[in-house]
Amino acid sequence: MANGFQISEQSLNGTALGSAYVAGARGADASYYNPANMGFTNDWGENRSEFEVTSTVINIPAFKFMVPGSNQGLYSITSLMVDKSKQNLLKILGILGLGDVGSVVGDKIIINGLPAAQKLINNLENLTNQKVVTVASMPSDQVVPGWTGTTNFILPKFFYKSRTHNGFTFGGSFTAPSGLGMKWHGPGGEFLRDVFIMMVELAPSISYTINNRFSVGVSGRGLYATGSFNNTVYVPLHGASVLTASQILGLPNKVFSQQVPSSMRQQLASIGWQPAINCQPNVDPNSTECQAYYSGLKQIMRYSGLQQADSDLYGTAQVVQQSNGSAWSGGYRAAASMRVFDNGMFSVVYNSSVTFNMRGRLTALTELGPSLGDVLTRGSLNINVSLPEMLDIAYAHEFFKHHLRIEGVYRRTFWSQGNKFLVTPDFANASYQGIGGAVQTLNSATLKKMVGLADFSGVMNMGAGWRDTNTFRVGATYMGRSLRLMGAFCYDQAPSPQEAIGIPDSNGYTIAFGAKYNFRGFDIGWGGTFTFKSNRNGYYQSNDLGQLRIFSASLGYRW
């Protein structure tokens, strides 16, 4: 809650007052904002049952931003390992058309006066035991652009409270305390390309009030969370992958050519081997000119005692992900309120933390470049999301014969506790499939080891490093016989670290206003909040002020 994906503004009064609506909460929506206040008479001095339905529209205007690039490029250094004791020199000479010019005596080969062939034999170990540097992907710019389209998200809410009988009042609320759906574009928006998350809460409430002066209340909170995420991350790689000799020699020519040092072709061409002369660097590896060269080269490498290739990967691999999850959870809300003389109200409201272990599915395509190919991973995952503990301390005072109410609210949100957004894929039991390149010849166990080289720790915990935050709200309500006018100003600290990748956020400054009109037991109203965020100093930088707009309309009835 607080910032992040939280929606503080639930009812019309909450929207019009920027949630500076705790000690002054009355009526049906007090069941959500302060259940202790359900037992007090409403603003018209009535003890009635009340019901309210509110529809809220969240609007985020389109905006552009710049973000440091996380694509560091991907590189591999491949070492071709040979066992010299398994070399078969005569067969190599036969492939090169030199089989009739030499003989083997013991472990020595006799070359009949051909210096080029002798040089080749002398350099055979150097020919096959070399390192190949492959650039799988180039890094992005240090700073890359991103942008979003206009976002609109609609949420319905319901609130109810009964009349107070012998000090007891019953109520309930159905709200959406957290949620958002946004699409992000450009290289800077890949990390959050298509994000949807929503939580709905059903909270039955009860309060006990003594002499219309002191009251306590509690709500049980049952919540359901669901989310889906389509995004691209650049995951650091560290470690080595190993291809066996049979896997290397079984690669298609187009892929095999990227595992072979260019010096091999040059040395073989220097002794006049025609296939090496015909297959120039700019010739298609699958062309007729190169077919004979690579077929012969594979035989040469086999008879040279080739055992394996160690590929040291470094940089970042692009991982394109699709994931989803859902879960049920619960918590509680406890509140206490006390009248201060006749015109004041002091309230404390505590919201417990709520943790979701959202079970879902993950599909991830790890792109290792044209040489190695791509690895498709399918499996289950757990998305651990926590709504934090919150403590509201509020005081409301009424002036001018109860026609003007001023309220101040301080909220402490304990973001530092628990996980905010921790994604844990079950890589151990996932399935792996190689697509293109060298990986298409590998089994699932080998692919699992390759994916295991990726360090997902930096991109799977978007809530890392969050801090506890303070929120300050001041609201004013004019209460006429039929018309109510409301306005507020708020300051809300951002919980997420501003210097790191994650859920984009920054400190918010909010103005709010609205009106409500009652007639014959009905209440109708409209309100809006406008939150402005300075994005100049955050990880996601923009020269413009970010905006979050929330509009609510309601219809209530009292009987």
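**Figure 1. Close-up of Arg484 and its polar contact with Asp43.** In this predicted model, local features need pLDDT of at least 70 and side-chain atom pairs count only at pLDDT 80 or more, whereas totals for chains, interfaces and linings use all residues. Residues are numbered from 1 along each chain as its sequence is written, and side-chain values use heavy atoms, with hydrogens and water left out. The side chains of Arg484 and Asp43 make a polar contact at 2.4 Å. A polar contact is a pair of N or O atoms within 3.5 Å; within protein, one atom must be able to donate a hydrogen and the other to accept it, and residues adjacent in sequence count only if both atoms are side-chain atoms. Arg484 is placed in strand S21, residues 483-492. Helices (H or I, at least four residues) and strands (E, at least two) are DSSP runs, numbered from the N terminus. Arg484 counts as buried because its relative accessibility is 7%; buried means under 20% relative accessible area, exposed over 50%, and partly exposed in between, with a 1.4 Å probe and protein chains only. Apart from neighbours within four places in sequence, Arg484 is in contact (heavy atoms within 4.5 Å) with residues including Asn13, Trp44, Tyr478 and Lys516.

**Figure 2. The salt-bridge network of Asp43, Glu398, Arg405 and Arg484.** A salt bridge is a side-chain nitrogen of Lys or Arg within 4 Å of a carboxyl oxygen of Asp or Glu. The whole structure has 13 salt bridges. One of them joins the side chains of Arg405 and Asp43, at 2.6 Å from N to O. This pair links distant parts of the chain, 362 residues apart: Arg405 is in strand S17 (residues 404-413), and Asp43 is in the loop between helix H2 (30-33) and strand S1 (50-60). Asp43 also meets Arg484 in a salt bridge, at 2.4 Å from N to O. Here the two residues are 441 residues apart, Asp43 in the loop between H2 and S1 and Arg484 in strand S21. Arg405 counts as buried because its relative accessibility is 4%, while Asp43, at 21%, counts as partly exposed.

**Figure 3. The salt bridge of Glu201 and Arg221.** The closest N and O atoms of this pair are 3.0 Å apart.

**Figure 4. The disulfide of Cys279 and Cys290.** The structure holds 1 disulfide, a term that denotes a pair of cysteine sulfur atoms within 2.5 Å. The sulfur atoms of Cys279 and Cys290 are 2.0 Å apart. Cys279 lies in the loop between helix H9 (274-278) and H10, and Cys290 lies in helix H10, so the pair ties together parts that are 11 residues apart in sequence. The link is right-handed, with 95° about the S-S bond. Cys279 counts as buried at 2% relative accessibility, and Cys290 is buried at 0%.

**Figure 5. Helix H10 and the residue Gly305 just after it.** Helix H10 spans residues 288-303 and has 16 residues. From its first C-alpha to its last, H10 reaches 24 Å, close to the 22 Å expected at 1.5 Å a residue; the expected span is 1.5 Å times one less than the number of residues. Among the buried residues of H10 are Tyr293, Leu297 and Met301. Just after the helix, Gly305 takes a positive phi of about 85°.

**Figure 6. The largest nonpolar core.** A nonpolar core is a set of buried Ala, Val, Leu, Ile, Met, Phe, Trp, Tyr and Cys residues joined through side-chain atoms within 4.5 Å. The largest one has 78 residues, and those with the most contacts inside it are Phe256, Tyr293, Leu297, Phe356 and Leu368. Strand S11 (residues 214-244) gives the most to this core, with 7 residues. Apart from neighbours within four places in sequence, Leu368 is in contact with residues including Leu74, Leu237, Val439 and Met450.

**Figure 7. Positive phi at Asn166 and Phe341.** Most residues other than glycine have a negative phi. Asn166 has a positive phi near 55°; Asn166 is in the loop between strand S8 (151-161) and strand S9 (168-185), and is exposed, with a relative accessible area of 74%. Phe341 has a positive phi of about 55° although it is not a glycine. Phe341 is found in the loop between strand S12 (306-340) and strand S13 (344-351), and counts as exposed at 70% relative accessibility.
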